[in-house]
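Dear colleague,

Please find below the structure that I am handing over to you.

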Amino acid sequence: MSLTITPLSPALGAQISGIDLSREISREQRDAIEQALLEHQVLFFREQPLSPQQQADFAARFGDLHIHPIYPNVPQTPQVLVLDTAVTDVRDNAIWHTDVTFLPTPAMGAVLSAKQLPAYGGDTLWASGIAAYEALSAPLRQLLDGLTATHDFTRSFPLERYGNTPADLARWEAARRNNPPLSHPVVRTHPVSGRKSLFVSDGFTARINELSEAESEAILTFLFAHATRPEFTIRWRWQQDDVAFWDNRVTQHYAVDDYRPQRRVMHRATILGDKPF
């Protein structure tokens, strides 16, 4: 098959057609998708009805898969987590975040599949950390380069929302023990392209380590707002069986929680990455 790549905005985003993700993709197709991901940061595929195993198989072509410590998963395919508003509190997705930055080696990317959608609402937005960084003034880029920030699992997964039953509490306590706060660079260098990107998000970033508490709060408040300016973002209106594949190293995203009491079910396969630098 011949891939067709249609850019969707100047900052990020492209739609890919001419491929069936339910079938084993060739090495050439895999490399073309990876190159498109490097260039466009988030890719969208329409009309891709994938089973959980097919989704995991596609994602695994790009790296090892992560099993989430909190979210439920597909029992037969535990590498695929389930975001189902009928059974799980997913409000932590309705905040700008980069997935699993509480890990020493956060996700390289993720593959998200739309399984059940509300009649309206439930869009997802992505923002380019590269575009946001490059739009900063030279003095501010110089200040941020070399700083580190603490990322904390509990910012998006607080005890009061995830400890309601003994089983939930035990899972939350194990996840907290296994994922203590850790530090990542405020500005990350992409390991393949070499481009620099902001690597802080409201979902997990607690403070900038080298600054005073007041300075850290002021800088992070600015960066959270700056990184999500409309010109650095794209908004995707989901259709049934859509698939999104994003570069988690240089983007953040926001799942709009505007559809209650309608139900929304998504499956996600998360691809592990490397240590940020």
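Predicted model: local features only at pLDDT ≥ 70, side-chain atom pairs only at ≥ 80, totals over all residues.

**The chain as a whole**

The chain contains 7 helices and 17 strands. Its C-alpha atoms fill a box of roughly 50 × 45 × 35 Å along the principal axes. A compact globule of 277 residues would have a radius of gyration near 19 Å, and the value of 18 Å for this chain therefore agrees with that expectation. Of the 277 residues, 53% count as buried. The accessible surface comes to about 12,200 Å², and carbon and sulfur atoms contribute 51% of this area. Among contacts with a separation of 6 or more, 81% are between residues 24 or more positions apart.

**Domains**

The domain assignment gives two entries for the chain. Domain 1 is made up of the segments 4-86, 104-124 and 235-271, while domain 2 covers 128-228. The centres of domain 1 and domain 2, taken over C-alpha atoms, are separated by 22 Å. In the contact between them, domain 1 takes part with 17 residues and domain 2 with 23 residues.

**The sheet β10-β9-β13**

This open sheet has 3 strands, with antiparallel pairing in the order β10-β9-β13. At its edges lie β10 (182-185) and β13 (205-208), each of which pairs on one side only. On average, neighbouring strands of this sheet are turned by 35° against each other, direction ignored. The antiparallel pairing of β9 (residues 148-151) with β13 runs over 3 bridges. To locate this pairing in the model, you may look at histidine 151, whose bridge partner in β13 is threonine 205.

**The sheet β14-β8-β16**

Another open sheet is formed by 3 strands in the order β14-β8-β16, and the pairing is antiparallel. Its edge strands are β14 (233-236) and β16 (251-255), each pairing on one side only. Strand β8 (residues 124-128) pairs with β16 in the antiparallel sense over 5 bridges.

With kind regards

Notes: Residues numbered from 1 in each chain as written. Heavy atoms only, no water. Pairing = 2+ DSSP bridges. Helix = DSSP H or I, 4+ residues; strand = E, 2+ residues; numbered from the N terminus. Axes fitted to C-alpha atoms, helices over the stretch in contact; angles between N-to-C directions. Rg over C-alpha atoms; globule rule 2.2 N^0.38 Å. Buried < 20%, exposed > 50% of the residue type's maximum accessible area, 1.4 Å probe, protein only. Contact = heavy atoms within 4.5 Å. Areas by Shrake-Rupley, 256 points an atom, 1.4 Å probe, with all protein chains shown as cover. Domains from an automatic or database assignment.
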